[in-house]
Amino acid sequence: MKWIRTRLWKWTDIALVKWSAVLFGMIVGAYLSDIVKQYAIVLILVACLLAIKPLIYFFKDSE
(Lines give C-alpha, C1' and ligand atoms only; values in the text may rest on other atoms or scores of the structure.)
Protein backbone atom coordinates (compact mmCIF):
# COMPACT_ATOMS: atom_id res chain seq x y z
CA MET A 1 0.00 0.00 0.00
CA LYS A 2 1.39 3.35 -1.03
CA TRP A 3 0.73 6.08 1.58
CA ILE A 4 1.88 9.14 -0.37
CA ARG A 5 0.45 9.44 -3.85
CA THR A 6 -0.73 12.24 -6.07
CA ARG A 7 -4.45 12.29 -6.51
CA LEU A 8 -6.89 14.82 -7.93
CA TRP A 9 -9.61 15.44 -5.34
CA LYS A 10 -13.10 16.71 -6.09
CA TRP A 11 -14.04 19.93 -4.32
CA THR A 12 -16.84 18.15 -2.47
CA ASP A 13 -14.40 15.61 -1.00
CA ILE A 14 -12.09 18.38 0.21
CA ALA A 15 -15.03 20.23 1.76
CA LEU A 16 -16.19 17.09 3.56
CA VAL A 17 -12.71 16.42 4.96
CA LYS A 18 -12.38 20.03 6.12
CA TRP A 19 -15.77 20.04 7.84
CA SER A 20 -15.12 16.73 9.54
CA ALA A 21 -11.78 18.06 10.82
CA VAL A 22 -13.43 21.25 12.10
CA LEU A 23 -16.18 19.33 13.90
CA PHE A 24 -13.68 16.89 15.39
CA GLY A 25 -11.58 19.81 16.60
CA MET A 26 -14.62 21.44 18.18
CA ILE A 27 -15.46 18.27 20.08
CA VAL A 28 -11.90 17.76 21.30
CA GLY A 29 -11.65 21.45 22.18
CA ALA A 30 -14.81 21.26 24.25
CA TYR A 31 -13.41 18.38 26.30
CA LEU A 32 -9.94 19.91 26.71
CA SER A 33 -10.90 23.56 27.18
CA ASP A 34 -9.29 23.89 30.63
CA ILE A 35 -5.97 22.52 29.39
CA VAL A 36 -6.04 24.77 26.33
CA LYS A 37 -6.75 27.84 28.45
CA GLN A 38 -3.92 26.95 30.82
CA TYR A 39 -1.33 26.56 28.04
CA ALA A 40 -2.65 29.16 25.57
CA ILE A 41 0.63 31.09 25.29
CA VAL A 42 2.66 27.93 24.69
CA LEU A 43 0.22 26.71 22.04
CA ILE A 44 0.33 30.09 20.26
CA LEU A 45 4.14 29.99 20.22
CA VAL A 46 4.16 26.43 18.86
CA ALA A 47 1.65 27.38 16.16
CA CYS A 48 3.81 30.33 15.12
CA LEU A 49 6.96 28.20 15.01
CA LEU A 50 5.23 25.56 12.90
CA ALA A 51 4.05 28.23 10.44
CA ILE A 52 7.52 29.65 9.71
CA LYS A 53 8.66 27.11 7.09
CA PRO A 54 5.41 27.12 5.06
CA LEU A 55 5.38 30.92 5.08
CA ILE A 56 8.96 31.08 3.83
CA TYR A 57 8.13 28.58 1.08
CA PHE A 58 5.00 30.56 0.13
CA PHE A 59 6.69 33.95 -0.08
CA LYS A 60 9.95 32.72 -1.63
CA ASP A 61 10.52 33.54 -5.30
CA SER A 62 10.06 30.63 -7.67
CA GLU A 63 13.43 31.03 -9.36
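The report that follows takes up the basis of the model, then the fold, then the surface.

## Basis of the model

This is a predicted model, in which local features need pLDDT of at least 70 and side-chain atom pairs count only at pLDDT 80 or more, while totals for chains, interfaces and linings use all residues. Residues are numbered from 1 along each chain as its sequence is written, and side-chain values use heavy atoms, with hydrogens and water left out.

## Fold and dimensions

The protein has three helices and zero strands, where helices (H or I, at least four residues) and strands (E, at least two) are DSSP runs numbered from the N terminus; along the sequence the pattern reads α-α-α.

The radius of gyration of the protein is 17 Å, whereas a compact globule of 63 residues would have one near 11 Å (taken over C-alpha atoms, with the globule rule being 2.2 Å times the number of residues to the power 0.38). Along the principal axes, the C-alpha atoms fill a box of roughly 40 × 30 × 25 Å.

Of the 63 residues in the protein, 0% are buried (under 20% relative accessible area, with exposed meaning over 50% and partly exposed in between, for a 1.4 Å probe and protein chains only). Val36, which is found in helix α2, is partly exposed, with a relative accessible area of 40%.

The accessible surface of the protein comes to about 6,900 Å², and 73% of this surface belongs to carbon and sulfur atoms (Shrake-Rupley method with a 1.4 Å probe; for residues, only the protein chains shown count as cover).
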